Amino acid sequence: MRTAYSVETVRAAERVLMARLPEGALMQRAAAGLAAACAELLGRVYGSRVVLLVGSGDNGGDALYAGARLARRGAGVTAVLLSPERAHGAGLAALRRAGGTVTAPDGAEEPILRADLVVDGIVGIGGKGGLRPDAERLAGVVARSRAAVVAVDLPSGVDADTGEVRGPALRADLTVTFGAYKPGLLIDPAREYAGVVRLVDIGLAPPPADAELEALQHADVARLLPLPSAESDKYRRGVVGIAAGSARYPGAAVLAVSGALRGGAGAVRYVGPAGEAVLARFPETLVSDAGPAKAGRVQAWVVGPGAGDDAATVAEVLAADVPVLLDADGLRLAERDAVRRRTAPTLMTPHAGEAAALLGVRREEVEEARLAAVRELAAVYRATVLLKGSTTLVAGTGGGPVRVNATGTPWLATAGSGDVLSGLAGSLLAAGLGAVDAGSVAAYLHGLAGRFAADGAPMGAHDVASRIPEAWRDVMG
């Protein structure tokens, strides 16, 4: 499990460690890891040209000490001091002793445009808001250069705690972060600025506070996947009900069923007007036209994809005493109080536009502050919320860490992809997973399946569903 901690929690852990170490030792550890990552990215250090963008905080000191290490290996290193009077004194002295040079922002354009590598040490993890004018101008020069960019701890201009980008920010190819991941490195839009993220161990003990974020890895998903035993039958494995589709959108039902059939439950019951279309594609589906309450035994329901204006079916499903996944039209048609009154788990799966409508805000506000939005929705509806997007977030009803998933691909932004995800997650609910686990495992498998299906080219939602078994096998190793 990859975990990310708040700035306050990380700083508290650093203070505990620094109290046990000689002065400056922690910064030297960070600088050593940073210099090693820079050297690996450069490939050949001797003769390379490196520019350090140095702010007034500890990140500037990390950059200066790392620059000194690179200079001793034969790199030509130039430090651009944005606040010369507040630059880290010992780090600056070390750089000069190693043969590095110093310049002001006004003289930085030529060195940056000639550089092989730029190290962003402008703003530390406590920075708020976008870059200041001098730093913004330098970021523009860096963007025009051909240099690789390495950010120290996180890219300057992004919010470490929230992943928000409230102004100009510097884009990195590689971010070298120290001690623990910060939430902003795992959540868009900030994640897009971080590039590849490398964690450097500087000896921090595991923070005592809860993590802000968790990111499942292969081993975590493998542990959670429902596997049949020798005594399993289709009912013991779970039955998921799909109430989806309409005369106008029969494909939504087909796609939701396609995801559900590959999600670990033993059987899929379909209720709705698209029964013929579902059976034509998936004859193993148990189809009923009697309505959810009379459809037969189910351990979880999925309701909403392609449902049009069928509010009665949504209300009937919400009255069931089993886990329910609400998606698409179901989110719009569900009464808030009906969701809040439920005692069985509810998993809501909005995209940013649907989340904005539920919260009564603009879509841009959700996209800019995804972590705050998913937590607010979970609190308002007393439900687990899976906020879809380039980084999918899953927030539970009891607070605690938010799950983040980044296994997807931009090619998943295709019609029907969310219907497949809903069926997959609903099947995992029926198989016995809790709402947070079902949502986060489904997002993980769905993202992997999307990668396998696309392989660098366009694909359709049905392609994603067909590759879920491959994603499952990949996770199980």
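**Notebook: cores, a parallel sheet and a helix face**

I started at Ile242, which touches Ala256, Val257, Ala260, Val268, Arg269, Tyr270, Val271, Trp301, Val302 and Gly423, leaving aside residues up to four places away in sequence. Contact here means heavy atoms within 4.5 Å.

Notes on the source: this is a predicted model, where local features need pLDDT of at least 70, side-chain atom pairs count only at pLDDT 80 or more, and totals for chains, interfaces and linings use all residues. Numbering runs from 1 along each chain as its sequence is written, and side-chain values use heavy atoms, with hydrogens and water left out.

Buried is under 20% relative accessible area, exposed over 50%, partly exposed in between (1.4 Å probe, protein chains only). Of its 52 residues, Val221, Val240, Ile242, Val441 and Leu445 touch the most other members. Helix α18 (residues 435-454) gives the most to this core, 10 residues. There is a second, separate core of 46 residues, which includes Tyr5, Ala66, Ala71 and Leu204.

Helices (H or I, at least four residues) and strands (E, at least two) are DSSP runs, numbered from the N terminus.

**Strand β6.** Next I checked residues 148-152: 4 of the 5 residues of β6 are buried, so the strand is largely enclosed by the rest of the structure. On one side I find β5 (residues 117-121), running parallel to β6 and joined to it by 4 bridges; strands pair if DSSP finds at least two bridges between them. The bridge partner of Asp120 in β6 is Ala151. From β5 the chain passes through helix α6 (residues 133-144) to β6, a right-handed β-α-β crossover (clockwise from the first strand over the helix to the second, with the strands pointing away from the viewer). β6 also pairs with β7 (residues 174-178), again parallel, over 3 bridges, and there Val152 has Val176 as its bridge partner.

**Helix α20.** In residues 468-476 I noted Ile468, Ala471, Trp472 and Val475 as buried. Down the axis of α20, the buried residues fall within an arc of 100 degrees, so they line one face; the arc is taken from the directions from the helix axis to the C-beta atoms. Their cover includes α8, α9, α17, α18 and α19. Just after α20, Gly477 takes a positive phi of about 75 degrees.

**Ser48.** Is this loop residue buried or exposed? Ser48, between α2 and β2, is buried at 5% relative accessible area.

Note on methods: A nonpolar core is a set of buried Ala, Val, Leu, Ile, Met, Phe, Trp, Tyr and Cys residues joined through side-chain atoms within 4.5 Å.
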